[in-house]
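Here's a quick briefing to keep beside the model while you click through it. Have the viewer open and take the topics in any order.

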Amino acid sequence: MATTDLARVTGHTRPLAILGYPIHHSLSPWIHNAGFAAAGLDYVYLALDVKPEDLETAVRGIRVLDFAGFTLTAPHKETVMPFLDELTKEARVIGSVNTVANRNGRWVGTNTDAIGFQRMLELNGMYRPGMKAVMLGAGGAARAGFYTLGKVCSELRVFNRTAARGEELMRSMEPVKPEGALWEALPMDAGLLARHLADADLLVNTTSLGMSPNVDASPLPEGITPRPECGVADMIYSPPKTKLIQTAEARGCKTTSGHLMLLHQAVEAFKFWTGVDPDVPAMDAALRAGMEAQKQ
Ligand code: NAP
């Protein structure tokens, strides 16, 4: 337990937790406990293995125990919604919740993946009004990605193996579509993808292709590469350099991996619970330490 000083846990300490299944791989306890310790806040954050069929009971238990809040990871981000009292606009439009705060007994759900993703792009100079973006994938992470990109892109295209999933995603975002924006949901067709990558400013991978342990997989079909002027962002954080990122770097593209998204969704969750700006370098150092520990 490198980042939690158990001597500081007392009868006054407020609990928080991440709920997922399976959950033992989670890096969130590393990040949040380091953040609370650095800010001098009397909270402790745990990882709880909650089976899908037990989620409602677990949330009821958390309410009774008066936790300060909780976070959610797969497979609970969508299914938790009916058990909460209130949702932010982000959570409603994106259709998933990753952070819940206890506001005097009212349980408010939000989604901080979208803002975490935005920070990752901003920190790399990749979040530019009017840009043309291509997004690969239409799963849960893609919904947060689309919400963020949809706010600023003049053209936004989502390619997915299961085309209907991309179409449904796009339809669900219609209420927040800026006037004049061009949105398209397309099948994962190499020719179509090559055509739209030819003038894209940003390529984003939201699929799980390339994630450890399948590090030789790429979400791009064989022979298709972005142009050097295209920024490439991969939501995957393990490995830190996916095959996609390696290919993009070889083309001379500016790149970023999902590490910053993971860090900044946690930073935003921390702020949502506490109203305090956390010590981001301390949280980042703990995240890196957690990743190192998991390698051993
Ligand atoms: P998900 O809901 O299961 O979606 C997976 C996506 O990948 C879908 O679009 C799926 O296409 C596509 N896909 C999977 N296997 C494929 C294959 N063999 N060929 C083509 N497409 C395939 O998962 P998710 O929750 O969105 O997560 C996706 C990735 O984002 C994961 O690697 C996760 O670690 C990462 N992520 C990172 C952060 C962060 O903070 N950095 C946050 C959330 C997620 P179909 O629709 O056709 O099945």
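Asn 104 sits in the loop between β5 (99–103) and β6 (106–110); helices (H or I, at least four residues) and strands (E, at least two) are DSSP runs, numbered from the N terminus. This is a predicted model, where local features need pLDDT of at least 70 and side-chain atom pairs count only at pLDDT 80 or more, while totals for chains, interfaces and linings use all residues. Residues are numbered from 1 along each chain as its sequence is written, and side-chain values use heavy atoms, with hydrogens and water left out.

- Asn 104 has a phi near 50°, a positive value in a residue other than glycine.
- With 82% relative accessibility, Asn 104 counts as exposed; the cut-offs are buried under 20% relative accessible area, exposed over 50%, and partly exposed in between (1.4 Å probe, protein chains only).
- Asp 66 also has a positive phi, near 60°, and is not a glycine either.
- You'll find Asp 66 in the loop between α2 (55–64) and β3, and its 41% relative accessibility makes it partly exposed.
- Tyr 21 and Pro 22 are joined by a cis peptide bond, with omega about 0°; Pro 22 is in the loop between β1 (14–20) and α1 (28–39).
- Another cis peptide bond runs from Ser 238 to Pro 239, with omega near 10°, and Pro 239 is in the loop between β11 (231–234) and α8 (243–251).

**Two buried residues in one loop**

- His 76 is in the loop between β3 and β4, and at 1% relative accessibility it counts as buried.
- A polar atom of the His 76 side chain is 2.7 Å from the backbone oxygen of Val 50. That makes a polar contact: a pair of N or O atoms within 3.5 Å; within protein, one must be able to donate a hydrogen and the other to accept it, and residues adjacent in sequence count only if both atoms are side-chain atoms.
- Setting aside residues up to four places away in sequence, His 76 touches Leu 19, Gly 20, Tyr 21, Val 50, Lys 51, Pro 52 and Leu 55 (contact means heavy atoms within 4.5 Å).
- Met 81 is in the loop between β3 (69–72) and β4 (86–87), and its 18% relative accessibility counts as buried.
- With residues up to four places away again left out, Met 81 touches Leu 87, Ala 91, Gly 95, Ser 96 and Val 97.

**Domains and cores**

- The protein chain splits into domain 1 (6–111 + 261–295) and domain 2 (126–253), with bounds from an automatic or database domain assignment.
- The C-alpha centres of domain 1 and domain 2 are 28 Å apart, and the contact takes ten residues from domain 1 and nine residues from domain 2.
- The largest nonpolar core has 32 residues, and Phe 117, Leu 121, Phe 146, Leu 149 and Leu 202 touch the most other members. A nonpolar core here is a set of buried Ala, Val, Leu, Ile, Met, Phe, Trp, Tyr and Cys residues joined through side-chain atoms within 4.5 Å.
- Elements that each supply at least two residues of this core include α4 (113–122), α5 (140–150), β8 (155–160) and α6 (163–172).
- α5 gives the largest share of this core, five residues.
- Both domain 1 and domain 2 give residues to this core, so it lies between them.
- Beyond its neighbours within four places in sequence, Leu 121 is in contact with Met 126, Tyr 127, Leu 149, Leu 202 and Ala 233.
- α5 itself is mostly covered, with nine of its eleven residues buried; among them are Arg 143, Phe 146, Tyr 147 and Leu 149.

**Around the ligand**

- Which residues come nearest the ligand? Of the 20 around it, they are Ala 141, Asn 160, Arg 161, Thr 162 and Arg 165 (a residue is near if one of its heavy atoms lies within 4 Å).
- A backbone N or O atom of Gly 258 lies 3.1 Å from a ligand nitrogen atom.
- Ligand oxygen atoms have backbone N or O atoms of Leu 262 at 3.3 Å and of Ser 208 at 3.5 Å.
- Taken alone, the ligand exposes 920 Å², and the protein buries 73% of that; accessible areas come from the Shrake-Rupley method with a 1.4 Å probe, and for residues only the protein chains shown count as cover.
- α5 and α9 (259–274) are the elements that give two or more residues to the shell around the ligand.
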